Amino acid sequence: MQRINRRDFIKTGLTAAAGALLLPGAIAADSRPDLVVVSNGEPAELVRQAVEALGGIGRFVRPGQTVLIKPNIGWDRVPEQAANTNPDAVAQMVRMCVEAGAKTVRVLDRTCNQARRCYQRSGIEEAAKKAGAQVRHIIESRFQEIDIPAGELVKSWPVYRDVLESEVIINMPIAKHHSISGVTLGFKNFLGVLGSDRGALHRDFATKIVDINSALRPTLTIVDGYRVLLRNGPTGGNLQDVAVKKTVVAGTEPVAVDARAAGLLEVDWRDVDYLRIAEQRGLGKCLLEPARVKTIQLG
Amino acid sequence: MMRWLRRLSQVLFLGLFLLLFLQARYPYEPLLPVDFFLRASPLVALGTALSSRALPSLMIWPALLILLLTVIFGRVFCGWICPLGTTIDISDRLFLRARRQKKRDSLRFRSWKFAILVAVAATAFFSLQILWFFDPIALLTRTLTGFVYPAFVYLVSSLFDAGLEIDWMAESIYTLYDSAQQNLLPLQQPAFYGSMAIALFFFAILFLGSVSRRFWCRNLCPLGALLGIFAKYRFLRRTVSSECTACAVCQRRCRMNAIEDDFTLNNAVECIQCGECETVCKPQAISYRFGRGPQLNQIDLSRRRFLQAGVFGLVGVAAVKSTAQNRNAIGGVIRPPGSLPEAEYLDRCVRCLECVRICASTGGCLQPAGWQSGWEGLLSPLSIPRMGYCEYNCNLCGQACPTGAIKKMPLPEKQHTKIGTAYFDRSRCIPWYSHENCLVCEEHCPLPEKAIRFDEKTVTTADGQVRLVKFPAVIEELCIGCGICENRCPVVGKPGIFVTAAHADRRS
């Protein structure tokens with residue numbers, strides 16, 4: 001994750017200001033949406049179209065950058081059971097990053113079931129490797145405690161070093177039911193890069209995941225809604241609890257993406273505590289102005 | 001010539017043994033069934049057949065093959081195959097001082113191995129199975145699982161971890177680490193109860209080499225004793241020509257002390273066909289040939305020793321079986337899925353810890369028992385959910401078990417086999433104790449319909465706040481006792497939910 005120091009901040013600011021003065025057209029040209037919903041396609045196609053609609057991969061990944069993709073690989077389940085992010089969707093994202101000239105594209109998750117089982121049975125390890133990613137297992141000694149200045153209850157927590165060191169972070173959750181937060185989407189998926197005993201976060205869960213997400217912000221969030229798990233999440237296992245929605249919700253605004261994706265689970269975002277708290281605390285808006293949202297129906 | 005062939009064979013079999021050990025893991029794609037060596041031990045086959053009063057299944061064909069080999073070639077298993085024998089040879093050679101022997105080693109402990117064999121058989125007959133303590137294959141597999149591999153992993157991962165701290169090499173170290181984890185290293189450091197005891201016993205065996213070479217094989221190994229009996233009329237015999245100068249080198253160099261004082265006779269029961277005497281004989285008077293030449297075949301077990309061993313065994317059985325059992329423990333010891341009823345389970349289990357090893361590569365709930373199930377259950381595998389959980393999609397322990405103490409079950413059957421039941425400790429469980437939401441147990445419960453559910457209730461806390469809280473409960477009929485709930489319970493120390501063996505399905 002890029003840490004911006006003051007000098008860079010001023011430089012960037014001045015450049016942007018100069019650019020804005022010199023090229024008024026540039027601002028008008030930036031009418032790219034910040035949230036897109038693409039439906040009715042296969043997983044890889046959904047992801048490709050979503051990124052295209054957001055302005056293309058070049059908006060997020062520049063040549064030579066290090067990219068980290070964080071799918072949900074948490075469970076020893078196969079793709080049809082919709083407990084982990086769709087492997088084809090992950091592979092597509094990897095492919096695009098590689099094509100954009102990324103130096104490395106790394107895929108990892110700190111799993112809940114035994115890691116090798118999850119990586120293999122989710123299909124993600126194989127698909128992502130084939131697409132050109134480094135698929136890494138978590139090494140427990142590679143967590144680094146970070147400060148969370150805006151945290152209310154969580155003031156610091158160990159985070160995986162690869163996340164801190166990557167220039168581009170792409171959060172790729174799958175939309176699932178979850179008994180505590182009602183839904184598990186991008187905010188909850190980010191817990192997968194945390195070390196230590198994550199179970200301790202489940203008390204006052206909403207406040208705590210907002211704390212964590214106040215310190216870690218993805219460049220891009222892509223919610224896999226190809227298959228969604230409507231009940232008995234986040235593990236699932238029963239195919240009757242899975243609905244095929246063939247949808248991807250993607251965007252640069254993590255709060256808005258989660259709010260929109262909650263709809264896939266037939267949950268009103270107003271009923272999701274952490275979204276309300278995140279908005280109150282200024283992490284982003286749940287609803288973006290319509291001009292920044294684009295909906296695409298394929299095929 | 002024979003020496004080099006033998007060494008090659010020893011190295012190959014030790015290598016195969018280690019390879020199969022490494023392959024006892026998820027994903028399970030072994031070259032041979034990982035319990036191959038255990039099934040090749042006639043002592044394991046005979047002992048478990050006696051104690052469980054069941055004819056061993058056809059799975060023991062490797063043991064029959066070894067017996068056949070022994071009848072024809074003598075104790076080639078001990079000299080050419082046994083991985084513990086090879087380990088002892090290496091340790092004798094590397095660590096123990098080479099002595100110029102002036103006179104022949106004493107024979108006084110030689111009878112012990114037969115006495116141990118008698119005691120093993122006598123106790124097995126009365127349904128107390130102690131062969132696990134002595135069988136070299138079970139012993140070595142147990143030592144690898146319980147001590148050698150965890151220690152090895154610790155050392156190697158410490159090196160990797162140190163390398164990861166150095167910035168300029170961290171990237172390549174990480175890549176190397178990751179590829180090492182594909183085959184050689186596990187993802188988590190394995191750690192087992194009892195590993196110190198297992199290690200001490202193993203080192204004691206190696207250290208006995210300072211008394212004489214292959215002390216264990218000469219004097220204590222009951223498998224060697226059993227094979228010795230079958231080797232009595234071996235066809236491949238040691239013959240000594242008239243070139244013999246009676247220099248005594250062969251006798252002093254014989255690692256089994258099997259050569260008699262006239263140097264022409266050797267004891268078929270003791271000889272492990274290693275060929276060392278053939279190699280060291282200057283006049284080349286010694287050769288191994290098929291035939292019916294003269295040989296000694298003396299089983300060094302007096303009638304008195306035989307009786308002593310039998311009586312000792314019986315007294316041992318009576319002592320162990322008449323000890324009080326902890327009633328809590330009988331209900332509380334969680335066995336692997338597919339375990340036979342407790343008595344049969346203990347009759348068959350040879351404590352090789354192959355299941356523990358394979359479990360450590362997935363859920364990691366299995367541990368060797370300490371005193372939880374009494375003297376009779378020492379080192380028998382049980383589940384300790386606070387250490388690991390039984391992976392819902394895994395049935396590997398049954399596949400690795402050489403004796404059928406744990407049944408092989410297809411996955412769907414295993415997923416419905418109850419090994420225990422979870423209970424909430426409401427004085428510790430967070431929602432019950434402090435009226436705050438938690439539900440980590442429900443989140444992890446792998447049953448597709450969730451064996452932990454919750455009830456949402458409005459409560460008033462002690463300090464007067466009104467809250468909506470989700471109170472979890474176990475659905476007893478659905479819970480299979482996998483223990484991931486107990487494993488992941490965030491309560492520090494004693495968990496808020498725990499599994500007992502209640503309602504476990506232990507059909508044979």
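**Two chains, some questions**

Leu194(A) is buried, with 0% relative accessible area. This is a predicted model, where local features need pLDDT of at least 70 and side-chain atom pairs pLDDT 80 or more, while totals for chains, interfaces and linings use all residues. Residues are numbered from 1 along each chain as its sequence is written, chains are lettered from A in the order written, and side-chain values use heavy atoms without hydrogens or water.

User: Where in chain A is Leu194(A) found?

Analyst: Let's start with the cut-offs: buried means under 20% relative accessible area, exposed over 50%, and partly exposed in between (1.4 Å probe, protein chains only). With 0%, Leu194(A) therefore counts as buried. Leaving aside neighbours within four places in sequence, its contacts (heavy atoms within 4.5 Å) include Phe143(A), Trp157(A) and Ile212(A). Leu194(A) is found in the loop between α8 (186–189) and α9 (205–215) of chain A.

User: Is Ile229(B) buried, partly exposed or exposed?

Analyst: Ile229(B) sits in helix α13 (residues 222–230) of chain B; helices here are DSSP runs (H or I) of at least four residues, numbered from the N terminus. Its relative accessibility is 36%. That value makes Ile229(B) partly exposed.

User: What area is buried between chain A and chain B?

Analyst: Good one! In contact here are 42 residues of chain A and 45 residues of chain B. Buried area is the accessible area (1.4 Å probe) that two parts lose on being put together, summed over both. Carbon and sulfur atoms give 43% of it, and the total is about 3500 Å².

User: Which element gives the most residues to the side of chain A that touches chain B?

Analyst: There are 26 residue pairs in polar contact between the chains, both at pLDDT 80 or more. A polar contact is a pair of N or O atoms within 3.5 Å; within protein, one must be able to donate a hydrogen and the other to accept it, and residues adjacent in sequence count only if both atoms are side-chain atoms. On the side of chain A, the elements giving two or more residues are α5 (115–121), α6 (124–130) and α7 (161–165). The one that gives the most, with five residues, is α5(A).

User: How far apart are the closest N and O atoms of Glu443(B) and Lys188(A)?

Analyst: A salt bridge needs a side-chain nitrogen of Lys or Arg within 4 Å of a carboxyl oxygen of Asp or Glu. Four are counted between chain A and chain B. Glu443(B) and Lys188(A) form a salt bridge, with the closest N and O atoms apart by 3.1 Å.
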